[in-house]
Amino acid sequence: MGDPRNPKRAGEPWNLDRVRISEAELRALAPLVIISGGWAWHFMAPPHEELKIFHDHKDVDLFVEPERFPELVQLLTERGFHRIWSRFDATSTHFYRYAKYVEDAKVILDVFVRHVPSVQVGDIRVVEPATLLSFYGDIHSTDDCVSVLAAKRLLARGESPIGRPELVTRLR
C-alpha cells in the first residue's frame, strides 16, 4: 500500500542490505503468511539483479488467514515488530502495519487479514498470480513494473508467470 514510485529512479538498484534484511524477516514469518506485492513477484522470478523497475521492495505485503492472525501477532512481537499507524487505519479493520529497525534498515510489513488463493514457490507461499494482478489499483500501487506487465502478458496467453525470466527482463 505504498506510494507510487518515482519513475526517474526505476532503473536504480534496490539497497541490497535492505533487501537481505527484509527477506530474512519475511522467511521467519513464512510459515504463517502468504506473500503479496513486489516480494511475491520477487519469489516467482528466477534469480535476478534487484532493480527498482522489476518489482517493489519498499515494504513487505503479507496476507494471513484470520484464524492465524493472533499467532502472527505473537511472532511479530517476539521478533521486535511494533504496530504503527498508517493512513489506512481509519478505513480498514483488516489491515495492520508493523515495523522495526534492523541494522539501520526499517522493515515495514503491511499485513492484510483475509483468505486469498495462493501457490507454493519453493519454500514460500505467494498470492496466486491472477489474483495478485487483481490487487493493483486497490491494495498495491506499482502496476507498471516489469514483473506486473510481464505477468499480465503471460497470463493473457494462458501461461504461468512463475519462474519465467520475463518477470525480470527489460523490454527494449
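Trainee: Which residues of helix α5 (residues 146–156) are buried?

Mentor: Good place to start. In this predicted model, the buried residues of α5 are Val-146, Ser-147, Val-148, Ala-150, Ala-151 and Leu-154.

Trainee: What covers the buried residues of α5?

Mentor: The cover includes α2 and α4 (129–134). Once you reach the end of the helix, look for Gly-158, which follows α5 and has a positive phi, near 80°.

Trainee: Now the whole chain, please. How many helices and strands does the protein have?

Mentor: The protein has five helices and seven strands. Reading from the N terminus, their order is α-β-α-β-α-β-β-β-β-β-α-α. Of the 172 residues, 49% are buried. The protein exposes about 8,700 Å², and 54% of that comes from carbon and sulfur atoms. As for contacts between residues at least 6 apart in sequence, 64% join residues at least 24 apart.

Trainee: How should I read a pair of helices, and at what angle do the axes of α1 and α2 cross?

Mentor: Two packed helices are described by the angle between their axes and the distance between the axes. Here, the axes of α1 (residues 16–29) and α2 (residues 37–44) come within 12 Å and cross at roughly 90°. The two helices are therefore roughly perpendicular to each other. On the α1 side, the contact is made by Val-19, Ser-22, Glu-23, Leu-26 and Arg-27, while α2 brings Trp-39, His-42 and Phe-43. Sorted by class, this contact has four nonpolar, two polar and two charged residues.

Trainee: Which residues touch the most other members of the largest nonpolar core?

Mentor: That core has 53 residues, and Ile-35, Trp-41 and Leu-109 touch the most other members. Strand β5 (residues 105–113) supplies the largest share of the core, six residues. For Leu-109, set aside neighbours within four places in sequence; its contacts then include Leu-29, Val-60, Leu-76 and Phe-81.

Trainee: And which residues does Leu-75 touch?

Mentor: Leu-75 belongs to helix α3 (residues 69–78). Not counting residues up to four places away in sequence, Leu-75 touches Ala-28, Leu-29 and Leu-32. Leu-75 and Leu-32 are 43 residues apart along the chain, with 9.3 Å between their C-alpha atoms.

Trainee: One last topic, backbone angles. What is the phi of Glu-103, and what is the phi of Asp-104?

Mentor: Most residues other than glycine have a negative phi, and most peptide bonds are trans. Glu-103 is not a glycine, yet its phi is positive, about 50°. Asp-104, also not a glycine, has a positive phi of about 65°. Glu-103 lies in the loop between β4 (95–102) and β5, and Asp-104 lies in the loop between β4 and β5 as well.

Trainee: Are Glu-103 and Asp-104 buried or exposed?

Mentor: Glu-103 counts as exposed because its relative accessibility is 57%. Asp-104 counts as exposed too, at 81%.

Technical notes
Residues are numbered from 1 along each chain as its sequence is written. This is a predicted model: local features need pLDDT of at least 70, side-chain atom pairs count only at pLDDT 80 or more; totals for chains, interfaces and linings use all residues. Side-chain values use heavy atoms; hydrogens and water are left out. Helices (H or I, at least four residues) and strands (E, at least two) are DSSP runs, numbered from the N terminus. Buried means under 20% relative accessible area, exposed over 50%, partly exposed in between (1.4 Å probe, protein chains only). Contact means heavy atoms within 4.5 Å. Accessible areas come from the Shrake-Rupley method with a 1.4 Å probe; for residues, only the protein chains shown count as cover. Axes are lines fitted to C-alpha atoms, for helices over the stretch in contact, and angles run from 0 to 180 degrees between N-to-C directions. Angles under 35 degrees count as roughly parallel, over 145 as roughly antiparallel, 65 to 115 as roughly perpendicular and the rest as oblique. Ala, Val, Leu, Ile, Met, Phe, Trp, Tyr, Cys and Pro count as nonpolar, Asp, Glu, Lys and Arg as charged, and the others, Gly among them, as polar. A nonpolar core is a set of buried Ala, Val, Leu, Ile, Met, Phe, Trp, Tyr and Cys residues joined through side-chain atoms within 4.5 Å.
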